[in-house]
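Here are my notes on this one, written up as numbered points. Have the structure open while you read.

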Amino acid sequence: MIFRKLLFMLFATVWSLLLLWQWRYRMWIWPVIGVIWLVWGGGRSPMEWRSVNAALFTLPKLEYSGPPLRFLPEAEAVLKRRQWRMVSIARNFFSVIPCLYWLPGIACVLNLAALLAGDPFMATIAMMCCIGGWVIFVPVCLYAEWFLRRTRKLLTEYRKQALAHAARPAWDIEDAQCRDHFCRHFGPEEAFWALWLVEAAGVAEMMYPDDVLMAVCGGNYFDVLTKLKKTSWVKTPEMTLREAAYNCILPQPLRENSARSDIVLPDPPEIPAEAPPLSGYAGKVVECCRGEEWPKLSEEKIQGELLRRPEITGDLFASYWPTRREAAIALTLRNLAVDQMDRPEALMCYPNDPMAFLTYVADDSMESIELILSMEWEFNIVIPDSEAVGVLRQMNLAQAVQYIMEKQDGVAREEGEGKPE
């Protein structure tokens, strides 16, 4: 992936040098080579999108009772030591790599402009672009590529060890019967993306919903995340195949970071449970938040009210929400309140809880601003300043979830429904 871009950088550098060295020859042959280079794809052909038979989901859902596929404890310990570097590379390397394409591309345009205008000054600027690329970006990208190659080898070896302890039958994605059997372990929305994930990973064994995605993909893990443009998943090495498929469904999936908890959300019930009525102090919070000024509340009373609630579980939390998407967004908001607002670790919250009950802080604190920024980052949305106070003060949790969903859907409509290459 990186070496083609390095060759492109080398080509732009050599062209700029030749233009500056022998300007009178003008080097018209090099633009022709550059155009050929740009037109030449050289990449892999896009993967076929396989359809899923909807009739499968009228049959009973299959369940796998065996142990999930995951790395051995020794392998997990090694990967944990490499975790911070993998996260750093996923966050920075994949955003830096395009610079190895755009910098020489800009240099080639400047060189062509220099030829057309008859001015070598533009070739000098092109040369400076190339030097900047070699000095700043190339060393970083070479180190990241070396680290990723080593990590891919480790993941491939650890996957073999995991399969030796949790043997799986052979599986052929070209066989329609094998695909149907695989899809029946998932819900109708998740099956399509689960099938895409295992095909992108080049899996030759049968996989199940609770298998860890990193163990499923092995050495192809980073390639799969790059195709999906979800390199942030590196932060959650415990993500299962079912969770990954579900995250692909959302128009703007939740970002996976420190706000993620170990709570696993099951499929929501057909009829969600009715949230319990608000307690006396929660009702007072609602009344206080209707005014225009920031209310003066007692954090001690809020904490005491929350501590009297039952401990959160995935089944209990999901039972109050009509869809899994709403439950996932609400759970992320709850996790942000726990992480940033010092709410109880075992906090259980309900759809009718006022947001101020979860996020209240003093009006002179920066925590509210940080919380809004975290929400924007988590859900990949923009919350205007004029709406931020309403989200934190006047809405309840269910209204905040609907607000975020509308923002995500709006972003999805603007960007269009894109599919991975």
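1. Start with Q408, whose side chain makes a polar contact with the side chain of R325 at 3.0 Å. Keep in mind that this is a predicted model. Q408 is found in helix α19, which covers residues 397-415. With a relative accessible area of 0%, Q408 is buried.

2. On to the charged pairs: the count comes to nine salt bridges. Between R70 and E76 the closest N and O atoms are 3.0 Å apart. The side chains of R70 and E238 meet at 2.6 Å, N to O. R70 lies in the loop between α2 (29-39) and α3, while E238 is in the loop between α10 and α11, so this pair ties together parts that are 168 residues apart in sequence.

3. How exposed are the members of that network? R70 is partly exposed, with a relative accessible area of 34%. E76 is also partly exposed, at 27%, and E238 counts as partly exposed at 42%.

4. Another salt bridge joins D211 and R168, with the closest N and O atoms 2.6 Å apart. This pair, too, links distant parts of the chain: D211 sits in the loop between α8 and α9, R168 in the loop between α6 and α7, and they are 43 residues apart. Buried or exposed, these two? D211 is buried, and so is R168.

5. Now the helix α6. Its 45 residues should span 66 Å at 1.5 Å a residue, and the end C-alpha atoms are 64 Å apart, which agrees.

6. The aromatic pairs come to 11 by count. In one of them, the rings of Y143 and W146 have their centres 5.8 Å apart and their planes at 40°, so the pair is tilted. Both residues lie in α6, three residues apart, or about one turn of the helix. Y143 counts as partly exposed at 39% relative accessibility, and W146 is partly exposed with 42%. Y143 and W146 form one aromatic cluster together with F147.

7. F317 is buried, with a relative accessible area of 0%, and W321 is buried at 2%.

8. Last, the nonpolar cores. The largest has 52 residues, and those with the most contacts inside it are F182, M207, Y221 and W233. Which elements give two or more residues to this core? They are α3 (73-81), α4 (83-96), α6 (121-165), α7 (176-183), α8 (188-200), α9 (213-217), α10 (221-228) and α11 (241-249). The most comes from α8, with eight residues. Apart from this core lies another, of 48 residues, among them A318, A328, I383 and M395.

Notes
Residues numbered from 1 in each chain as written. Predicted model: local features only at pLDDT ≥ 70, side-chain atom pairs only at ≥ 80, totals over all residues. Heavy atoms only, no water. Core = buried A, V, L, I, M, F, W, Y, C linked by side-chain atoms within 4.5 Å. Buried < 20%, exposed > 50% of the residue type's maximum accessible area, 1.4 Å probe, protein only. Helix = DSSP H or I, 4+ residues; strand = E, 2+ residues; numbered from the N terminus. Phe/Tyr/Trp six-rings, centres within 6.5 Å; stacked < 30°, edge-to-face > 60°. Expected span 1.5 Å × (residues − 1). Polar contact = N/O pair within 3.5 Å; in protein donor to acceptor, adjacent residues only side chain to side chain. Salt bridge = Lys/Arg side-chain N within 4 Å of Asp/Glu carboxyl O.
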